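Q: I would like to learn how to read strands, helices and cores in a model. Where do we start?

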Amino acid sequence: MDRLSELDERLLAALRNDGRAPIAALATRLGVSRATVTSRIEKLTAAGVIVGFTVRVRDYAEASTVRATSFIEVEGRSTDRVIGHLRGFPEIQSLHTTNGGWDLVAEIACSDLPAFDDVLRRIRSIDGVVNSETSLLLSSVLR
């Protein structure tokens, strides 16, 4: 798939809003047939644009979770090795490479502060991690 059409972009926006929306409702909202919606979802999935469907929960369901963003600096050419270690951390919800002063950005979720402290200790003890800066996420104002 070379480029997303305007319909594909509208369909993806509708699915981001409600990934469980019935095909008929999506078709009505987008002003196309159900067959078109089904076909576009199949093509977007086959092309790897849609990689899965998930559940979003209200903030109160995550209220007891300690969430944070950690910026990680990696030494030399050890990025792949560090990423390999970090992939094994169940507390890391997502991991991104980046440019600038930091090499990696990790989104972390833990059950409590002692568990959070342990994750930070384990991240900092990985051979090749030379620096990190972590900020707790207090509340979400836009998702």
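A: Start with pairing: two strands pair if DSSP finds at least two bridges between them. Helices (H or I, at least four residues) and strands (E, at least two) are DSSP runs, numbered from the N terminus. This is a predicted model, in which local features need pLDDT of at least 70 and side-chain atom pairs count only at pLDDT 80 or more, while totals for chains, interfaces and linings use all residues. Residues are numbered from 1 along each chain as its sequence is written, and side-chain values use heavy atoms, with hydrogens and water left out.

Q: Which residue of β4 stands opposite Thr-69?

A: Strands of a sheet pair through backbone hydrogen bonds, either parallel or antiparallel. Here Thr-69 faces Ser-135 in β4. Strand β1 (residues 66–74) pairs with β4 in the antiparallel sense over eight bridges.

Q: What is the order of the four strands in the open sheet?

A: The order is β2-β3-β1-β4, with antiparallel pairing. β2 (92–97) and β4 (129–137) are at the edges with a single partner strand each, so one side of each has no neighbour in the sheet. On average, neighbouring strands of this sheet are turned by 20° against each other, direction ignored; axes are lines fitted to C-alpha atoms, for helices over the stretch in contact, and angles run from 0 to 180 degrees between N-to-C directions.

Q: How many residues lie between β2 and β3 in their hairpin?

A: Six residues lie between them, and Gly-100 in the turn has a positive phi of about 90°. The two strands pair in the antiparallel sense over five bridges, with His-96 opposite Val-105 in β3.

Q: Which residues of helix α2 are buried?

A: An α-helix has 3.6 residues a turn, so residues three or four places apart point the same way. Buried means under 20% relative accessible area, exposed over 50%, partly exposed in between (1.4 Å probe, protein chains only). In α2 (residues 23–30), Leu-26, Ala-27 and Leu-30 are buried. Seen down the axis of α2, these fall within an arc of 100° (taken from the directions from the helix axis to the C-beta atoms), so they line one face of the helix. The face turned away carries the exposed Thr-28 and Arg-29.

Q: Which residues have the most contacts inside the largest nonpolar core?

A: A nonpolar core is a set of buried Ala, Val, Leu, Ile, Met, Phe, Trp, Tyr and Cys residues joined through side-chain atoms within 4.5 Å. The largest has 19 residues, and Ile-72, Leu-86 and Ile-108 have the most contacts inside it. A second, separate core of 13 residues includes Leu-7, Leu-11, Ala-21 and Ile-41.
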